[in-house]
Amino acid sequence: MAGQADRQAAELAIRTQKLNLWYGTFQALFNIDLGIKQGIITSMIGPSGCGKSTFLRSVNRINERLGYVRISGSIDVMGENIYDPGVELVQVRKQIGMVFQRPNPLPISIRENVLFGHRIHTAGRKSSKNEEDDIVEDALKTVLLWDKVKDRLDRKATALSLEEQQKLCIARLLPVKPGILLMDEPCSALDPKGTEAVEELIWELRGRYTILIVTHNMAQARRASEECIFMLMGKVVEHTETGEMFVTPRHKETADYIEGRYG
Ligand SMILES: Nc1ncnc2c1ncn2[C@@H]1O[C@H](COP(=O)(O)OP(=O)(O)O)[C@@H](O)[C@H]1O
Ligand SMILES: [Mg+2]
């Protein structure tokens, strides 16, 4: 019977089964069964408070920092349940990079920001200055920031514009070579020009990474993703090919949300 089902599972970067999550006694996620395909961009939409950030934070195990969070069910990343006792957090973090709503560069130089995660994950094997120069250049080129900052790599990252900071926050994930990028409303703190620039960049990364992006921006979801997930009150209502969701949503709740009938 190993066959189609196995093959499909193997093409999934992230797979959750019966995922439930509670903050204390409050249940925020209900029976989430999702398969996020490898190598494409999946967007996640839904009204404020429906559990999008909670879901993302579960996938790289940030929620567990909070002592009052409880989870049941499973989350497989590249076929391995990341909540298995044998799985180390640092391995999970190596596979998955995360970008937050507000750019959060460290208050150190641009260069040191790009190298920060890389150094943590290669502890014990120090890279040469040349290797590090290449890593910095590659990462900053990928996020289209190199030309702008190449002459001021030693300046503080926090002096950059918000748009540049967010690009830097994406750049610093890349040297660690994650297969998966989680982005939680990465453009929400940016002005329209910054939003456009960062969206374009995310689009450029398509095919090289599995990207799961939360957005309130329907146009962004529509433009920038191949598949789309609509969540409501802690549940997945619909997960389908983006074009299809926006043209012929299967559920009334999805249609209502897309057409802006609620939050
Ligand atoms: N750290 C937390 N402690 C307790 N409740 C939380 C916490 N974070 C989120 N929640 C609650 O969980 C629900 C989902 O929140 P969230 O995942 O932030 O939604 P979204 O990202 O879709 O806006 C909300 O009701 C929110 O108030
Ligand atoms: Mg959120």
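**Asn63.** I looked up Asn63 in this predicted model and found the residue buried, with a relative accessible area of 1%. I place Asn63 in the loop between helix H2 (52–59) and strand E4 (69–77). I then listed what Asn63 touches, leaving aside its neighbours within four places in sequence: Leu21, Tyr23, Thr54, Arg57, Ser58 and Val69. With Arg57 there is a polar contact, side chain to side chain, at 3.1 Å.

**H4 and H5.** I next checked how helix H4 (residues 110–121) sits against H5. The two axes come within 10 Å and cross at roughly 105°. On the H4 side I noted Ile110, Arg111, Val114, Leu115, His118 and Arg119 in the contact; H5 supplies Lys129, Glu132, Asp133, Ile135, Val136, Ala139 and Leu140. Sorted by class, I have 7 nonpolar, 1 polar and 5 charged residues in this contact.

**Burial in H4.** I recorded Ile110, Arg111, Asn113, Val114, Leu115, Gly117 and His118 as buried. The cover over the buried residues of H4 includes H5, helix H6 (146–149) and H7.

**H8.** I looked up the span of helix H8 (residues 192–204). Its 13 residues reach 18 Å from first C-alpha to last, close to the 18 Å expected at 1.5 Å a residue. As buried in H8 I wrote down Gly194, Thr195, Ala197, Val198, Glu199, Leu201 and Ile202. I traced what these buried residues pack against: strands E3 (41–45), E7 (180–184) and E8 (210–214), and helices H5 (129–142), H7 (162–171) and H9 (218–224).

Terms used: Residues are numbered from 1 along each chain as its sequence is written. Chains are lettered from A and ligands numbered from 1 in the order in which they are written. This is a predicted model: local features need pLDDT of at least 70, side-chain atom pairs count only at pLDDT 80 or more; totals for chains, interfaces and linings use all residues. Side-chain values use heavy atoms; hydrogens and water are left out. Helices (H or I, at least four residues) and strands (E, at least two) are DSSP runs, numbered from the N terminus. The expected span of a helix is 1.5 Å times one less than its number of residues. Buried means under 20% relative accessible area, exposed over 50%, partly exposed in between (1.4 Å probe, protein chains only). Contact means heavy atoms within 4.5 Å. Axes are lines fitted to C-alpha atoms, for helices over the stretch in contact, and angles run from 0 to 180 degrees between N-to-C directions. Ala, Val, Leu, Ile, Met, Phe, Trp, Tyr, Cys and Pro count as nonpolar, Asp, Glu, Lys and Arg as charged, and the others, Gly among them, as polar. A polar contact is a pair of N or O atoms within 3.5 Å; within protein, one must be able to donate a hydrogen and the other to accept it, and residues adjacent in sequence count only if both atoms are side-chain atoms.
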